[in-house]
Amino acid sequence: MNEHLPVDKTFKLFIGGAFPRSESGRTFAVRDAKGALLANASQASRKDLREAVRAARGAQESWAGRTAYNRGQILYRAAEMMEARRPEFVSVLRQIGVTPKAASKQVDQAIDRWVWYAGWADKTHHILGTVNPVAGPYFNFTFPEPTGVVGVMAPDEPALLGLVSRLAAVIVSGNTAVAVVEGPASLAAITLAEVLATSDLPGGVVNLLTGDKNELLPWMMGHLDINAVDLTGAPKDLDPTILEEAAVNVKRTVWGDSTAESPYAIADFLEMKTVWHPIGK
Amino acid sequence: MACITDKPLSLATSVDQVALEARAKSLTTRSIKTTSKRAALHLSIRCMDLTTLEGADTPGKVASLCQKATRPDPTNLDVPPVAAVCVYPEMVDYAVAATAGTGVKVASVAGAFPSGLSRLSIRLDDIADAVARGAHEIDIVLNRSAFLTGDYNLVMDEVAAAKEACGEAHLKVILETGELGGYDQIRRASMLSMHAGADFIKTSTGKIPKASTLPVVLCMAEAIRDHADATGEIIGLKAAGGIRTAKQAWHYLVVIGETLGTDWLTPDLFRLGASSLLNDVLQQLGKLDTGRYSGPDYVTVD
């Protein structure tokens, strides 16, 4: 037999640096604009979400404990890996209906976004932190710290640039992320996961779940071990009682710009800590 | 002194490794939900030996462990106390004081834990000392050196001597299964310990990476069952080391229930030795109560 039999990729979840199928065994069909089947992607369940949060929590302390410079290097490495697989990303975007020109541009922007946020890794303290003037013999500093584990509802559009922009802003400061991606954007997301898995990014810093946002969002909002939720790509017309769940453990809720390129997108996922230190002789 | 036993002691039975592991695996596939899940979680707490065996243990740390043992979840009085706290002999005084009147027992490791390699008289003194301090249960290690040499008489003599030194206290014999080299050996060590007078046989010290596994516990449970059939003696089992999640805990409950019967699912005959397991069980109970997934922020840092 001379002819090569094509081997299609199985699109699985990305949890703790590994690519498991959903524990539920469910999949959903991803179709192109004309209705042709592109792939069967894993449909994450609430237990997959729980496992992803566990992985993210396990990775958070050591990720935040790395030097800012090192986190920047690793984000830059993600850009390098994406650049190397540029044609694949263009092809995935083309499959899910992005025009050739727009696909090419979006991949460029996504790569640039990693580099842009990588540069911020060791600069947020200077820009967002302060030395406060106080009426007493004290030094008074305010400086940013990562919030912890962040749940991300990834934007549907633009599939790749949106996810990269939100993820980079979340993780650059030392947070870890559990992102939920829905529909055709899932293919771009899991391809991105393959890049992240080879970018020196420790397992668990980014976890990607493909599936139904409406199914997973209530569990994410109620999860007591998630510290912030990025609702930028959340479904429209949400039941407000779902969002109220965030109050139970005082989650930070963020509605941002899906293609944000701003230090304030990083600041959205930071906590400010103020320290008093006596001035002695 | 040779340990005399008139009960039938078979050391020749070999264990089918493939069947044992397949059987253990098949018992992990049960789905346990709602009220059964809550019952299993409560049972795993009631059968727990909450353990701290660190060189860095202090009276304060032991006192807070005992507090947690007595009332694992101070916000919910439905959560039962654990069976016992397990500490080093030097810490027994503090544990006895902190658990007085609560029904929580004090278990102490003794006998040159975790290696067991010091002079027998010293090991027996160690046991007697822990009992004198008020320990209700003594966890000793099997003399693996003698066992692996093939000196089974010495192994049994030492266990019998330890049992004598225990007096009223219950004796648990730790086989340290990860060092025995296979299921045949684990079964043999189980049989020797039971014949020599152990009240409980226990899997591991928790001090080596190869800790308790489900097939190992199944193997030991089958030995206990066969021993009970042959002699009528009811021996307990303690799984310890590497048990960190509630799911693992109820896998053990299922294996015990299926192998020895539900009569064995009491703190008198089954124990789970663990330090971090309790927090995971409490988080699972939290999920049952609130419908929200919990996290490590909502349990104590031990």
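Hi everyone, let's start with one residue, B:Gly55, which sits in the loop connecting E1 to helix H3 (59-70) of chain B. Please keep in mind that this is a predicted model.

Is B:Gly55 buried or exposed? Its relative accessible area is 83%, and the cut-off for exposed is over 50%, so B:Gly55 counts as exposed. For a sense of distance, take B:Lys172: B:Gly55 and B:Lys172 are separated by 117 residues in sequence, and their C-alpha atoms are 22 Å apart in space.

E1 belongs to a closed barrel of eight strands in chain B, with parallel pairing and the order E1-E2-E3-E4-E5-E6-E7-E8. On average, neighbouring strands of this sheet are turned by 25 degrees against each other, direction ignored.

Where do E1 and E8 come together? In chain B, strand E1 (residues 48-51) runs parallel to strand E8 (residues 270-274), and three bridges join them.

Over to chain A, where I'd like to show you an open sheet. Three strands make it up, ordered E3-E4-E10, and their pairing is antiparallel. Which strands are at the edges? They are strand E3 (130-131) and strand E10 (270-278) of chain A, each of which pairs on one side only.

E3(A) is joined by two bridges to strand E4 (residues 138-146) of chain A, and the two run antiparallel. Here the pair to find is A:Val131, which stands opposite A:Phe141 in E4(A).

Conventions
Residues are numbered from 1 along each chain as its sequence is written. Chains are lettered from A and ligands numbered from 1 in the order in which they are written. This is a predicted model: local features need pLDDT of at least 70, side-chain atom pairs count only at pLDDT 80 or more; totals for chains, interfaces and linings use all residues. Side-chain values use heavy atoms; hydrogens and water are left out. Two strands pair if DSSP finds at least two bridges between them. Helices (H or I, at least four residues) and strands (E, at least two) are DSSP runs, numbered from the N terminus. Axes are lines fitted to C-alpha atoms, for helices over the stretch in contact, and angles run from 0 to 180 degrees between N-to-C directions. Buried means under 20% relative accessible area, exposed over 50%, partly exposed in between (1.4 Å probe, protein chains only).
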